[in-house]
Amino acid sequence: MADMVKKATRESYGEALAKLAAINDKVIVFDADLAGATKTGTFKKACPERFFDCGIAEANMMVAAAGASTCGLIPFASTFAMFAAGRAFEQVRNSIGYPHLNVKIGATHAGVSVGEDGATHQCNEDIALMRTIPGMTIINPADDVEAQAAVLAAAQYEGPVYLRFGRLAAPVFNSPDYKFQMGKGVTLREGSDLTIIATGILVYEAMMAAEALAVEGISARVINIHTIKPLDKELVVEAAKETGVLVTAEEHSVIGGLGAAVAEAIGEECPVPVVRVGIKDSFGHSGKGAELLKEYGLCRENIAAEAKRALTLKR
Amino acid sequence: MNEERRKQLAKAANEVRKGILTEVYSAQSGHPGGSLSIADVMTYLYQEELRVDVKDPRWEDRDRLVLSKGHVCPALYAALAQKGFFPWEELKTFRKVGSRLQGHPDLNKAPGVDFTAGSLGQGVSAAAGMALAGKITGKDYRVYAILGDGELQEGEVWESAMFSAHYKLDNLCYIIDNNGLQIDGNIRDVCSPYPIDEKFAAFGFEVITIDGHDFEQIEEAVQKAKTVKGKPTAIIAKTVKGKGVSFMEGKAAWHGAAPNEEQYETAMGDLAKIEEVL
């Protein structure tokens, strides 16, 4: 495990875009002066004639992407999650979501693991914001393999997609032959006492938590929800029915994110306790990404602890 | 432009104005002032200039028109109906439940609408994206963005202007409906965007200022914009809000108010008088 390959999903975004450059001439990439950080620079290198820097002007970038999409192109509009979902929310809502246009939003640097830049750049609200837009698909990949597959799948899919990537290098645990299916959750580990439903970089932590729980005789199922909207309701409800209690884990506010989506889904069909691991309605601050993940409880130790607490709530 | 064509266009624009009043009166809701001020430009574009196909509204080689000041869609709908995109009678469904003619233009509903707009500042960005797409795909269509002078207060307009000039989008033409009034009053008093011409020139646009009710000037400007290379054009059309309806002309109060029955009759009477003279 010590020599496990680690890679930030923003790197995967850039690499997958470069692959798309070779296979799909409809793909164009927009960035807002962050090509080095969002890694769209990798696409620029591969295909400079289809890369367009929009400057530090995210509102215009989003709607220009929308306009280009009406002319048959597949624009990937890229910036930090804070500016994609936050600053340009109304543009995404009115000019991409409402007309249901074929724009892909590549949102990097999501969550507190952005690190040193601090709270202004750590977006813990983007999933909540994007979930409120009818017809928006939201994908939060867990590792490099899944992220690259998600980018390729998004290009194939007709409609708006919000792709969420991280800055911090994350363990690559999916095998190279992993098959990504948009909208389908992945059961990574079977279990009967409880289910941990995780997304993004917390999927691997959830698996590690489940291993630790197993040592203590607790059988935890682990589900990876890469597509937060539309949510794989069937899989989530099945887990609620079969294991009776759920723990969600995400690098996002507990308000409006995966935990909320899961609670809403099972609340109507099979109400069981849901313990949400996430940012507890607070802002982040500066520090090393890995340190902050620990501080905010976005780690295997806290997921395991919360799983044990969840078991006490089980009816 | 010969006198015959000028008269034909003036008659067509007068019909568009009747359509605008019919829409707003039927809905008892909508924005007559700015619709009437842009009616002549809109009529010229659809009757004389735009390469569109009413049988194939999504034809990929068509010219595009984005109504960035989407609230004046009564003018767009009337011009589209006059062109034959949908029946004139449908104008009476404007803003009503089930209508394709939404309160602000919806590209997925009304045939001929090229972009969903109305949240100010966004349509111009969409037009820029379409113009850029034309350059990428090597198509020769042109893109027109109609925006309001009050709309120039939106920061996104200037983000977009910078982008359009940077990418040398000479297939893109802004037309600014400079009627001088916005909801809260005179644009000079609310938060002045003047000098509009110097601002666009500074952003790298070719700038042409015209009387937006003079078809000869409209034609000259639109044709000249087509010859400009390496930069987008901004046509500043000086107009009168509420143009053609005596009691609406120059009144900010008619920005977003519908006429009652008596006012509607008076307004239609005004337009009938204009027609008589033509």
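This passage looks at a sheet in chain B and at a helix of the same chain. The structure is a predicted model, in which local features need pLDDT of at least 70, side-chain atom pairs count only at pLDDT 80 or more, and totals for chains, interfaces and linings use all residues. Residues are numbered from 1 along each chain as its sequence is written, chains are lettered from A and ligands numbered from 1 in the order in which they are written, and side-chain values use heavy atoms, leaving out hydrogens and water.

Helices (H or I, at least four residues) and strands (E, at least two) are DSSP runs, numbered from the N terminus. In chain B, five strands form an open sheet in the order 1-2-3-7-6, with parallel pairing; two strands pair if DSSP finds at least two bridges between them. Strand 1 and strand 6 (206-211) of chain B stand at the edges with a single partner strand each, so one side of each lacks a neighbour in the sheet. Strand 1 (residues 64-67) of chain B joins strand 2 (residues 143-148) of chain B over four bridges, and B:Arg64 has B:Val143 as its bridge partner.

Turning to helix 9 (residues 261-277) of chain B, its buried residues are B:Tyr264, B:Ala267, B:Met268, B:Asp270 and B:Leu271 (buried means under 20% relative accessible area, exposed over 50%, partly exposed in between, with a 1.4 Å probe and protein chains only). These buried residues of helix 9 fall within an arc of 150° seen down the axis, so they line one face of the helix; the arc is that of the directions from the helix axis to the C-beta atoms. They pack against helix 1 (3-27) of chain B, where contact means heavy atoms within 4.5 Å. On the other side of helix 9, exposed residues include B:Glu261 and B:Lys273.

Conventions. The expected span of a helix is 1.5 Å times one less than its number of residues.
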